[in-house]
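Here is a short report for a reader who is new to this protein. Look at the model first, then read on.

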Amino acid sequence: MRTPRISGLRAERTPDGQFERFASTTLARYLAPAEVEEVRRAWLYASEAHRHQRRLSGEPYVTHPLAVAKILADMSLDAATLEAALLHDVIEDTPAERAELVELFGQEVAALVDGVTKLTQIRFDSRREAQAENFRKMVLAMVADVRVIVIKLADRLHNMRTLGAMPPAKRRRIARETLEIYAPIAQRLGMRKLRLELEDIGFRSLYPDRYRVLGRAVRRGRGQRVSAVPKMVKILAERSAHSGLQAEVTGRDKALYSIYRKMREKQLLLAEVMDIHGIRMVTDSVDDCYRLLGVVHAVYKPVPGLFKDYIAIPKNNGYQSLHTVIVGPTGQPVEVQIRTEVMERIAENGIAAHWMYKTGQGAAVDELRTREWLSHLEDIRADSATPVEFLEHVKVDLAPEEVYVFTPKGQIIRLPRGATPVDFAYAVHTDVGNACVSAKVDRRVVSLRTQLKNGQTVEIVTARSARPNPAWLNYVVSAKARSALRHYLRDLEAEDAIKLGRRMLTQSLSQHKLNLKRAGVKLTEVATQLKAQDANDLLRRIGNGEFPAPIVAQHFLNDQGSGPGGIAKPIEIRGTEGMAVTLARCCHPIPGDRIAGLLTRGKGLVVHRVDCKNLAAQKDSDRVVDVAFNLKRSRSYPVEMRLELMNERGVLASVASTVSTADANILHAQVYEREDQTAGLKLEVSVRDRVHVARIMRHLRKTPSVLRVTRS
């Protein structure tokens with residue numbers, strides 16, 4: 001099929017006059033005639049490009065980009081965005097090329113189309129990797145122009161509306177992706193209306209039984225509470241007017257997926273979810289919002305502790321409103337939301353309101369919040385090693401629950417729910433996080449694991465010599481903290497790998513009577529031959545297991561020739577190599593064991609016992625390295641033992657006491673019950689060396705209830 005051109009196309013070729021109705025009823029409402037014609041040109045091009053294609057539903061494919069454009073037009077998006085929406089699949093699904101779009105529609109439209117286009121020309125090892133790389137590409141594009149993600153969300157919404165044509169497995173996969181990524185992005189951009197529809201279809205498609213059961217329960221539980229809401233709406237409208245305040249008062253229902261998520265995250269029963277039904281009051285000004293709050297509290301008693309002022313402190317997506325929970329006439333709690341008309345528009349359309357209401361202050365605030373978030377995403381991307389890691393960080397960052405805390409100078413810091421002082425430190429600045437040593441919350445010293453609460457003042461104590469602790473990854477929750485920590489640890493791991501690689505290459509060269517210290521220039525030459533960035537990169541890759549040191553050593557012999565054969569000393573395992581050397585958990589090697597190292601890509605040097613079956617499979621490989629423990633350095637090592645016991649009362653206490661008497665510590669224990677009167681016990685014990693293990697086993701064998709002891 002030839003590359004489609006718009007020249008020679010006629011308007012009457014558009015199927016069923018769909019575009020003409022769309023142009024006359026929607027586009028003409030807010031676009032200039034010249035802009036409508038530009039959008040029409042894009043429609044004609046898309047119709048020609050997709051003319052031989054059909055969707056799974058059997059409809060002409062071009063109905064999809066038209067539907068996407070209609071969704072965006074309902075938000076009053078500009079002409080360039082609508083053109084890109086109509087063209088968003090032509091590069092991916094047809095022979096059309098970006099250069100032609102630039103020629104026909106301009107650089108702006110072509111860049112938007114390219115930002116939404118998937119990377120179909122690149123082969124990926126897995127669907128997860130492809131998804132992550134395409135998401136990374138889209139984020140890069142939306143940092144430059146946020147309209148890229150707005151188009152993508154509209155594209156996803158129409159695909160969700162037509163999800164029924166998909167096979168069940170694909171339908172569930174798309175629904176899960178929507179709930180995990182695209183609905184949270186819509187939430188983060190403040191596009192409430194679009195988010196609610198994405199969540200509803202996604203919930204129904206992924207969990208049809210839960211959707212049906214919860215929907216039935218909500219309908220059945222309405223009863224008096226629902227019947228009370230219209231009466232409360234009428235009373236509040238009358239009292240507002242009596243107080244001289246103009247307010248549109250309406251009742252509202254909480255979406256099913258929002259109810260489901262709240263029940264699951266907070267372990268609540270349906271009856272404990274307070275805002276299933278609520279009331280919304282929309283007025284003219286911020287001042288009237290606070291006056292209406294007084295009216296509401298004068299009529300109905302508020303529930304203490306459940307008032308939230310999102311006007312003074314907006315959510316990170318620009319959402320503003322007053323929230324209060326009151327006790328209704330039937331005794332049931334009802335949430336009331338109070339906001340201005342501008343806030344209501346922003347709440348419904350989020351970042352899209354920037355184009356809808358360019359003169360509104362709320363839209364400007366919303367755009368600023370979005371720009372801050374996009375900048376934050378760029379920081380996370382820079383700290384992420386792979387697209388998959390970046391995608392996982394973004395999923396964490398999209399968590400909707402937030403906590404608001406203060407710096408000592410009164411600046412507000414927004415963090416995900418469950419955030420710790422370490423998350424706070426990294427939110428202030430990466431350097432503050434890296435140098436963090438302790439924290440004070442409301443002037444009291446607290447553990448760095450402490451979960452922060454709304455309204456607290458947090459102060460971070462730093463030290464120049466301080467370094468991040470890898471254990472922080474176990475409890476930080478913000479994407480910025482996690483990505484910054486991993487970035488630092490990768491650098492640290494690289495340093496460890498360089499040191500190990502230097503020792504391994506030194507050992508291999510010593511067999512040929514060569515000295516690495518005198519081979520500086522040659523090391524650089526070998527690095528170039530092996531396509532490493534520099535000498536340090538070569539040493540790092542040796543330490544990481546990518547290049548076997550004996551093979552690298554052969555490159556040093558090309559010009560110098562091999563000297564008299566030497567006997568290389570084994571590499572000493574000191575216990576201070578950091579992440580570049582690990583002890584295999586399959587055989588738990590300890591000092592006194594005969595050991596060998598196995599170079600493992602991405603893990604560096606993994607130390608095994610020589611009789612380990614996992615090492616035996618690699619015995620002739622050039623990745624096996626001669627190593628030995630440095631017995632001058634004292635530290636503890638985990639070792640695994642298996643015991644056969646009499647299944648009787650007090651036997652575990654007896655075993656624990658025996659191990660403790662032998663000056664050892666139990667790290668982990670697992671019991672396996674058997675059908676006879678015996679039981680199996682797997683112990684992981686912290687020991688010094690092989691002699692220490694032998695003494696522990698000797699003591700255990702003397703214990704009356706222990707039938708057999710072996711080391712794994």
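Three strands form an open sheet in the order β9-β8-β10, with antiparallel pairing. Its edge strands are β9 (444-446) and β10 (458-462), and each pairs on one side only. On average, neighbouring strands of this sheet are turned by 35° against each other, direction ignored. Two strands pair if DSSP finds at least two bridges between them. Helices (H or I, at least four residues) and strands (E, at least two) are DSSP runs, numbered from the N terminus.

This is a predicted model, in which local features need pLDDT of at least 70 and side-chain atom pairs count only at pLDDT 80 or more, while totals for chains, interfaces and linings use all residues. Residues are numbered from 1 along each chain as its sequence is written, and side-chain values use heavy atoms, with hydrogens and water left out.

Strand β8 (residues 436-441) pairs with β9 in the antiparallel sense over 3 bridges. Lys-440 has Val-445 in β9 as its bridge partner. Helix α20 (residues 421-428) lies across β8, β9 and β10 and runs at about 80° to β10. Axes are lines fitted to C-alpha atoms, for helices over the stretch in contact, and angles run from 0 to 180 degrees between N-to-C directions. Contact means heavy atoms within 4.5 Å.

A second open sheet has 4 strands in the order β18-β19-β17-β20, with antiparallel pairing. At its edges are β18 (665-673) and β20 (706-711), each pairing on one side only. Its neighbouring strands are turned by 20° against each other on average, direction ignored. Strands β17 (residues 637-646) and β19 (residues 678-687) run antiparallel and are joined by 10 bridges. Arg-642 stands opposite Lys-682 in β19. Helix α29 (residues 690-701) packs on this sheet and touches β17, β19 and β20; its direction makes about 165° with that of β20.

Now the whole protein. The protein has 29 helices and 20 strands. Of its 712 residues, 49% count as buried. Buried means under 20% relative accessible area, exposed over 50%, partly exposed in between (1.4 Å probe, protein chains only). Among contacts between residues at least 6 apart in sequence, 68% join residues at least 24 apart.

The largest nonpolar core has 71 residues, and Phe-19, Leu-27 and Leu-72 are among those with the most contacts inside it. Leu-72 touches residues including Leu-77, Leu-82 and Val-150, not counting residues up to four places away in sequence. Another core, of 52 residues, lies apart from it and includes Leu-538, Met-641, Leu-681 and Val-687. A nonpolar core is a set of buried Ala, Val, Leu, Ile, Met, Phe, Trp, Tyr and Cys residues joined through side-chain atoms within 4.5 Å.

How confident is the predictor? The mean pLDDT of the protein is 82, and 85% of its residues reach 70 or more. pLDDT is the predictor's confidence in each residue, from 0 to 100. The table gives the elements with the lowest and highest mean values.

| Element | Residues | Mean pLDDT |
|---|---|---|
| Helix α17, lowest | residues 353-356 | 56 |
| Helix α4, highest | residues 79-87 | 95 |

Over residues 6-14 pLDDT stays under 50, and the model has 14 contacts for them beyond four places in sequence. Over residues 357-363 the pLDDT is also below 50. Where pLDDT is low, the predicted coordinates should not be read in detail.
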